[in-house]
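Colleague: I have a chain open here and would like to go through it with you. Could you take my questions one at a time?

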Amino acid sequence: MTDDAPVTEAPATDEPDTRRLDDLLEDLYHGQERISQADIYRRAVAAELPAQLLTRIAALPEGEYAVDEAADLLGGSVT
């Protein structure tokens with residue numbers, strides 16, 4: 001039974017990051033078809049997303065992304 005606690009903690013840590021990423025992407029893409037990597041990164045910094053997500057965004061190649069492309073590349077679930 002003590003093994004259940006560590007297993008429960010790992011997904012709980014990942015979920016808020018994904019949720020925050022999804023919220024950011026939904027906000028960013030409201031009324032927009034494509035957003036540049038630089039704009040996504042700037043907004044993520046302003047939203048104080050965790051360093052792990054900022055690193056993922058910074059690693060995206062420069063260019064513009066549709067919401068589904070950005071979500072796929074960053075591990076989000078926005079559709």
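This is a predicted model: local features need pLDDT of at least 70, side-chain atom pairs count only at pLDDT 80 or more; totals for chains, interfaces and linings use all residues.

Colleague: Which secondary structure elements does the chain have, and in what order do they run?

Modeller: The chain has four helices and two strands. Starting at the N terminus, the order is α-β-α-α-β-α.

Colleague: How much of the chain is buried?

Modeller: The chain has 79 residues, and 32% of them count as buried.

Colleague: Let us turn to the core. Which residues have the most contacts inside the largest nonpolar core?

Modeller: That core comprises 19 residues, and Leu25, Tyr29, Ile40, Ala44, Leu49 and Ala70 have the most contacts inside it. The elements that contribute two or more residues are α1 (4–28), α2 (37–46), α3 (51–58) and α4 (67–74).

Colleague: What does Ala70 touch, beyond residues up to four places away in sequence?

Modeller: Ala70 touches Leu25, Tyr29, Ile40 and Tyr65.

Colleague: Which residues of α4 are buried?

Modeller: Val67, Ala70, Ala71 and Leu74 are buried in α4. Viewed down the helix axis, the buried residues of α4 fall within an arc of 100°, so they line one face.

Colleague: What sits on the face turned away from that buried side?

Modeller: Asp72 and Leu73 are there, and both are exposed. After α4 comes Gly75, with a positive phi near 90°.

Colleague: A change of topic: where is Gln32?

Modeller: Gln32 is in the loop between α1 and β1 (34–36). Its C-alpha is 8.9 Å from that of Val67, although the two residues are 35 apart in sequence.

Colleague: Gln37, then: buried or exposed?

Modeller: Gln37, a residue of helix α2, is buried, because its relative accessible area is 11% and the cut-off for buried is under 20%.

Colleague: Which residues is Gln37 in contact with, leaving aside neighbours within four places in sequence?

Modeller: Gln37 is in contact with Ile57, Ala58, Leu60, Pro61, Glu62, Gly63 and Tyr65. Tyr65 is also one of the residues that Ala70 touches.

Technical notes. Residues are numbered from 1 along each chain as its sequence is written. Side-chain values use heavy atoms; hydrogens and water are left out. Buried means under 20% relative accessible area, exposed over 50%, partly exposed in between (1.4 Å probe, protein chains only). A nonpolar core is a set of buried Ala, Val, Leu, Ile, Met, Phe, Trp, Tyr and Cys residues joined through side-chain atoms within 4.5 Å. Contact means heavy atoms within 4.5 Å. The arc is that of the directions from the helix axis to the C-beta atoms.
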